[in-house]
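Biologist: I would like to learn how to read a model like this one. Please take me through a few features in turn.

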Amino acid sequence: MARVLVIEDDEVTAREIVTELASHGMTADWVADGREGLTRALNDGYDIITLDRLLPGMDGIDIVAALRERHIDTPVLMISALSDVDDRVRGLRAGGDDYLTKPFAPDEMAARAEVLLRRRQPNVESNRLRVGELELDLVRHVANRNGQPLTLLPTEFRLLEFLMRNAGQVLTRTMIFEQVWGFHFDPGTNVIDVHIGRLRRKIDGPGQSPLIRTVRGSGYLLAPAD
């Protein structure tokens, strides 16, 4: 069972995080003070940390920077009421792995935590990704399904790579947009749906089972054909 350290000074938010993580099979410890959180993060061997940006005792950015300076590579999901792009960039440059803005949907937070946990799993063949019949060569930037080459545009390749790296995991539109396009998701845009549609037409040939699945109200996942 994955162990999560929740560093959050707001009790209501903290309990919401702990409860949601528990529903996803994770166990979480909560601390409300930044300095105590850093001490626990340094010494207690957690699998992931959710970290409030503004904390008493020590700022969230200072905490993640201190962890990285001490070569602690525990994935950090920063959670902040600050929504400006500059603060997000500061948090990620300091060593945060992902950045979620308050208010947030609990299932979105848990999905991001699960993605960060998957990144910690050892990747034996880091230059190639395989999901069922689908294969991606990250060095040559080529893809194939069942040995048949796929012609992908650069954005389609990045999108497929993100889906394959997190195969079996529901990825929200916000997560996809931030990871593939690199900036905040605009709920009014259909760019993700358009690219998913194009990608489906390229990887699902006649008579082949679909690999990309729509999870209504949540997002998309890629999984081997049944």
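Modeller: In α5, the residues Glu108, Met109, Ala110, Ala111, Arg112, Ala113, Glu114, Val115, Leu116 and Leu117 are buried. Buried means under 20% relative accessible area, exposed over 50%, and partly exposed in between, with a 1.4 Å probe and protein chains only. This is a predicted model, in which local features need pLDDT of at least 70 and side-chain atom pairs count only at pLDDT 80 or more, while totals for chains, interfaces and linings use all residues. Residues are numbered from 1 along each chain as its sequence is written, and side-chain values use heavy atoms, with hydrogens and water left out.

Biologist: What covers the buried residues of α5?

Modeller: Helices (H or I, at least four residues) and strands (E, at least two) are DSSP runs, numbered from the N terminus. Contact means heavy atoms within 4.5 Å. The cover of α5 includes α1 (11-23), β3, β4 (76-80), β5 (98-101), β10 (171-172) and α7 (173-181). Ten of the 14 residues of α5 are buried, so the helix is mostly covered.

Biologist: How far apart are the end C-alpha atoms of α5?

Modeller: The expected span of a helix is 1.5 Å times one less than its number of residues. For the 14 residues of α5 (residues 106-119) that gives 20 Å, and the end C-alpha atoms are 20 Å apart, which agrees.

Biologist: Where does UniProt place the feature "modified residue: 4-aspartylphosphate"?

Modeller: UniProt positions are given in the numbering used here, feature names are shortened, and annotations may be inferred rather than shown by experiment. The unreviewed UniProt entry places this feature at Asp52, which is in strand β3 (residues 48-52).

Biologist: Is Asp52 buried or exposed?

Modeller: Asp52 has a relative accessible area of 5%, so it is buried. Leaving aside neighbours within four places in sequence, Asp52 is in contact with Ile7, Glu8, Asp9, Gly60, Ile79, Ser80 and Lys102.

Biologist: How is an aromatic pair described?

Modeller: By the distance of the ring centres and the angle of the planes. Rings of Phe, Tyr and Trp (its six-membered ring) pair if their centres lie within 6.5 Å; planes under 30 degrees apart count as stacked, over 60 as edge-to-face and the rest as tilted. The structure holds one aromatic pair. The pair is Phe177 and Trp181, stacked at 5.4 Å centre to centre with 15 degrees between the planes. Both residues lie in helix α7, four residues apart, about one turn of the helix. Phe177 and Trp181 are both buried.
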